[in-house]
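Subject: Structure handover

Hello,

Here are the sequence and structure for your files. My notes on them follow below.

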Amino acid sequence: MTKTALPTMLSFSAPDLREQIEALPEGTALIGISTDGRAIAVDLDTDCPHVLVCTSSGGGSTTVLRSLTAQFLHQGAHALLLDPKRISHLWAKGLPTVTHRGNVAGIHDALVGLGDEMARRLRLTDTELDATPRLIVSMDSAHSALRQLTRYWETFRGKDDPRMSPAVSALEGALWTGRAARIHVLLDGTPTIGRTLGASPHELFGTIVLARITTGTWQRLAPLAGPAPKQSPRAGRGHVIQQGEVHETQTIWMTDADVVSWLTDPDDPQS
């Protein structure tokens, strides 16, 4: 991809940006443009199978999740979109290759189903798996969602049932072995990963996107990336950590309308 001058807002409708995005190979999505003009992307196949996004309220984490999920959908992936706030990803409702779940019971059942789907995919031959659509699991507000799932499981867990929610176990399984099944997790929030999912963030996520966070959160989520840099108040500006390198990045601004138009009428140059 060519270098691009960094604007104040990196809108999906900006000249040439959509062309750059659509030229990316399958499994690669553009996060944004760094302050030194480099395209910062995530490659699910060769670099990292999963992405963690964490910002303060209003910092753009939902927008990043929407942009990345939309790009993979445009490439032919399917998506399971877990939206505990119920209104953060209304764009996903009605799209044929997206399953949207908002309430805790629906999220629980969807994740249990994810565990079954991953087991099915792992039994496929390489040829069969290559013909199976990539599955993107996007979870917004993960900290809240995981707490809700834990409490939900406690309400009906039997004495012989496992202590950990099977939904949380399925998510953990997807994080550890999802790449082999073409299943990838995009997680938004600050889940207590060490206690809930059994690992530290840098073990599970090859790409971490942080914006408007505290020094303590930086040290917890990116302990190998050095001291916390100064956080920018600019909308869409954050830091992307990949392979220990930190890139100050202007992330893509993609609206709900942008996504729906692009995915439902991809041949329209104005969509």
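Leaving aside neighbours within four places in sequence, which residues is Arg179 in contact with? Please keep in mind that this is a predicted model. In it, Arg179 contacts Leu44, Asp45, Thr46, Asp47, Cys48, Pro49 and His184, with those sequence neighbours left out. Arg179 itself sits in the loop that runs between helix H6 (166-177) and strand E8 (183-188). Its relative accessible area is 37%, so Arg179 counts as partly exposed. Thr190 is eleven residues from Arg179 along the chain, and the C-alpha atoms of the two are 22 Å apart.

Next, helix H2, which covers residues 61-74. Just after the helix, Gly76 has a positive phi of about 110 degrees.

In soluble globular proteins, nonpolar side chains tend to be buried together. The largest nonpolar core here has 36 residues, and the members that touch the most others are Val42, Leu68 and Phe72. At least two residues each come from helix H1 (17-22), strands E2 (28-34), E3 (39-43), E4 (51-55) and E5 (78-82), H2, and helix H10 (256-264). H2 contributes the most, with six residues. Not counting residues up to four places away in sequence, Leu68 touches Ala29, Leu30, Ile31, Val42, Val51 and Leu186. There is also a second, separate core of 35 residues; Ala110, Ala145, Leu187 and Phe205 are among them.

Last, the packing of H2 against H10. Their axes lie 10 Å apart, at an angle of about 5 degrees. Because of that angle, H2 is roughly parallel to H10. On the H2 side the contact involves Arg66, Ala70, Gln71, Leu73 and His74, and on the H10 side Asp256, Val259, Trp262 and Leu263. By class, this contact has five nonpolar, two polar and two charged residues.

Regards

Notes
Residues numbered from 1 in each chain as written. Predicted model: local features only at pLDDT ≥ 70, side-chain atom pairs only at ≥ 80, totals over all residues. Heavy atoms only, no water. Helix = DSSP H or I, 4+ residues; strand = E, 2+ residues; numbered from the N terminus. Expected span 1.5 Å × (residues − 1). Core = buried A, V, L, I, M, F, W, Y, C linked by side-chain atoms within 4.5 Å. Buried < 20%, exposed > 50% of the residue type's maximum accessible area, 1.4 Å probe, protein only. Contact = heavy atoms within 4.5 Å. Axes fitted to C-alpha atoms, helices over the stretch in contact; angles between N-to-C directions. Parallel < 35°, antiparallel > 145°, perpendicular 65-115°, else oblique. Nonpolar A, V, L, I, M, F, W, Y, C, P; charged D, E, K, R; others polar.
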